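Work through the exercises below with the sequence and the structure at hand. Each task is followed by its solution.

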Amino acid sequence: MHTVTDFPRRVRCIEHVTLPGSDGTRLAARIWLPEDAETAPVPGILEYIPYRKRDLTRERDEITHRWLAGQGYACVRLDIRGSGESGGVMTDQYRQEEMDDGVAAIEWMAEQPWCDGNVGMMGISWGGFNALQVAANRPSALKAIVTVCSTDDLYRDNMHYMGGCLLSDNLSEATTMFSVNTCPPDPALVGERWREMWMDRLRGSGLWLDTWLAHQRRDDYWKHGSVCEDYDAVTCPVMAVGGWADGYTNAVFRLLEGLNVPRLGLVGPWGHKYPHLGKPGPAIGFLQEMKRWWDHWLKGAATSIMDEPMLRAWMQDWMPPGTSYAERPGRWIGESVWPSERVQERRMPLAPGRLRFADTGDDRHDGEPPAQVIRSPLSVGLFAGKWASYTYAPDLPYDQREEDGGALVYESPPLEEATDILGRPEVELEVSADRPVAMVAARLSDVAPDGRATRVSYGLLNLTHRDGNEHPAPLESGERYRVRVRLNAIGHRFPEGHRMRLSLSSSYFPLAWTPPEPTTLTVYPLTSALLLPERSAAGKDGAITFEAPEGAPPAMRETVEAPHHNWLVHRDLANEESTLEIIKDEGVWRLPDADVEITDRTWDWYTVRAEDVSTARGETRTERRFRRAGWDVLTRTRTVLTCDATHFTIHASLDAFEGEERVFSENWKRRLPRDLV
């Protein structure tokens, strides 16, 4: 990234401001704005998240918000109620109170002397979610949004459930928030009341995993905040951005199709990152793209941004399988509208062991068509990578040959010409199961001539959700069902001479939790097919280019202890036990501007024994510490999720320390019934 220090407008930063929330609770913000904004007002841009503007996002915020402020915007980085130095207590995600506070913040911004009354909203992940949600609440000053790595459906494409299957990211996200919610405000900003605010959070934030596991189907809890329930509620222009290595990218395509406002979509090769910081690369000049967007919608300038194709996407080329990539080769393509007429469904019928280019009938015979049976070992999934790559390498899927021994595999002949796909592949299956609750995991891979298999996309379906996520129904043993498994959206070029491979398994732990009982699936391949969104080569994409990534200098950071990230697979053959260990250790660092030393460490373990689904276990631990002369606070959390055939059980603990003294401790035990999961 090119670091820029000379801007069209000189920038000043206000370190700490409080503004009123919807009920008067004071919310804390950091603001960057042109030095002369009070005499020459500018549009405002809001980013609204719980990850501590004072310290945890300080480096990234400086890169982004100072750059935008230098282009003539007032950027407000607001901590959600109960986080950072904001008052109150945060008890869950995306509730109406959060949206109301966002509306109040926009109204406050529009009334400030440095704002010309026009406001935009931007954000990644949580900030992308609430940008959509606040837009659906229609504050009059909000003129446009940029939503990155977010979703329009809190159940269907979120880190809690996928295809009705429980994701292990449900546990890891709950752990993240368990830790974030228990961090104190900085006494340098809020004074002596910091301890009272901290204790309110420790006592009141609660165990979010308990809440999320209490809603295992798509009920009103998840519908609230899902803008797909009423796309017409969003009346301002939307730029929706995602990455192929992220978990939220399907929403970009739904938003382009469902919204009725000016909209643009952008999808690159990245994981869960802003595109100017995107990994795997290539990163792009996303701040320049946002400037074009904001200049058009907030300043009325002619920037040509709306002359771009509705969808710009990175068509990935094949790469050997790997758990991390510096860059993904490929090219930028454009579609003037989405859905695109250039993308047509290609049906590839299945046959035992084969994926056919056409239904030739050569595998059919008189009588009952052949059936194939699979009961996957529970170790299938250890090399699946993370649901959403945060680029804490190595978290991408490994060579699929490691997984395919426990799956039904259907492979095409070598391709006679390169084939591009863009969109969401689907698998049309005729299937039966021997238990009332069963799942299927489908993986699409690009197989090189030497046999290496790179996962292109995958999808999950809890078969009790075969007719939708709101009203699951148990399976009848042996009864055949026709179902569709939707894979994640992808742009990928299969090279000439490579093979396409579809792999089906009855489990995918730990990415998805195990079924309540061991299950055997019977697949009827001759009445099943892979449906590919094949993109025609007809016509030309034109020259789609982006400027090189830019940003302001990041906040100064001094490393005290180096970070360490790793994924380790442990196989205890004596006890027939498999464990995936994930280390996300950010180390220890000091921020001189805030005069604070920070420790941030997380560990995850996911374990299962032999073929016993009841031994599935997830354990997460966190440690966060904030320290300066006269102030030393530490929180530790531990969460364990286990199960049997009928219930999930949560054990959790929280301990908080000032120096060596433990000042707070709480333990939880919850037992929740399984709801066809």
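**Exercise 1.** State how the lining of the second largest cavity divides by class.

Solution. The lining of the second largest cavity has nine nonpolar, four polar and three charged residues. Here Ala, Val, Leu, Ile, Met, Phe, Trp, Tyr, Cys and Pro count as nonpolar, Asp, Glu, Lys and Arg as charged, and the others, Gly among them, as polar. The model is predicted: local features need pLDDT of at least 70, side-chain atom pairs count only at pLDDT 80 or more, and totals for chains, interfaces and linings use all residues. Residues are numbered from 1 along each chain as its sequence is written, and side-chain values use heavy atoms, with hydrogens and water left out.

**Exercise 2.** Find which elements each supply at least two residues of that lining.

Solution. They are helix 4 (169-181), strand 30 (577-591) and strand 31 (596-609). Helices (H or I, at least four residues) and strands (E, at least two) are DSSP runs, numbered from the N terminus.

**Exercise 3.** Describe how helix 2 and helix 3 pack.

Solution. Step one: helix 2 (residues 96-111) and helix 3 (residues 126-136) meet at an angle of about 75 degrees, and their axes are 10 Å apart. Axes are lines fitted to C-alpha atoms, for helices over the stretch in contact, and angles run from 0 to 180 degrees between N-to-C directions. Step two: helix 2 is therefore roughly perpendicular to helix 3 (65 to 115 degrees). Step three: helix 2 makes the contact (heavy atoms within 4.5 Å) through E98, M99, G102, V103 and I106, and helix 3 through W126, N130, Q133 and V134. Step four: by class, this contact has five nonpolar, three polar and one charged residues.

Conventions
Parallel < 35°, antiparallel > 145°, perpendicular 65-115°, else oblique.
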